[in-house]
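Work through the exercises below with the sequence and the 3D structure in view. Each task is followed by a stepwise solution.

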Amino acid sequence: SCCRSLADVSALANCEAMHTLNLSSCISVAEVSALGRCAALHALNLRCTSIIDVSALGGRCAALHSLNVSYCGLTDVSSLVGCAALHTLDLSFCKDIKDVSPLGGCAALHTLDLSSCGNVSLAGCAVLHTLNLHH
């Protein structure tokens, strides 16, 4: 997508049946709390946005299976424990993430991309099938 001027996604809260949302490269998007009301959201791509907090998604996006927050300023993933269906998470190039151990509570998580994340603690991620730590 090429949506550099898009900043406010609050109108999307009414899209209760939305299954997939790609906001990749929407660099002005910094807040996604409205998406917590999109109960059917299955795949969310926030790559190269200004997102630093995804706590609004935790526990509210019960159907979320795939989340891409690569190249974002995300620092904390603990709120994602509430995303029970999450099975694929891309945190590549989120260089400020130091601890992904809270993801051990995501029983469905089987694919985690931590490419170029630096020194990350992986304690508690025993359920993973695929882990990418490429630098």
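**Exercise 1.** Describe the order and the pairing of the strands in the open sheet.

Solution. The open sheet is formed by 6 strands in the order 1-2-3-4-5-6, and the pairing is parallel. Strands here are DSSP runs (E, at least two residues), numbered from the N terminus; two strands pair if DSSP finds at least two bridges between them. Next, the edges are strand 1 (20-22) and strand 6 (130-132), each of which pairs on one side only.

The model is predicted: local features need pLDDT of at least 70, side-chain atom pairs count only at pLDDT 80 or more, and totals for chains, interfaces and linings use all residues. Residues are numbered from 1 along each chain as its sequence is written, and side-chain values use heavy atoms, with hydrogens and water left out.

**Exercise 2.** How many bridges join strand 2 to strand 3, and which residue is the bridge partner of Ala43?

Solution. Strand 2 (residues 43-45) and strand 3 (residues 66-68) run parallel and are joined by 3 bridges. Ala43 has Ser66 in strand 3 as its bridge partner.

**Exercise 3.** Locate Ser92, then decide: is Ser92 buried or exposed?

Solution. Ser92 lies in the loop between strand 4 (88-90) and strand 5 (111-113). Ser92 counts as buried because its relative accessibility is 6%; buried means under 20% relative accessible area, exposed over 50%, partly exposed in between (1.4 Å probe, protein chains only). Not counting residues up to four places away in sequence, Ser92 touches residues including Ser70, Tyr71 and Asp113, where contact means heavy atoms within 4.5 Å.

Terms used: Helix = DSSP H or I, 4+ residues; strand = E, 2+ residues; numbered from the N terminus.
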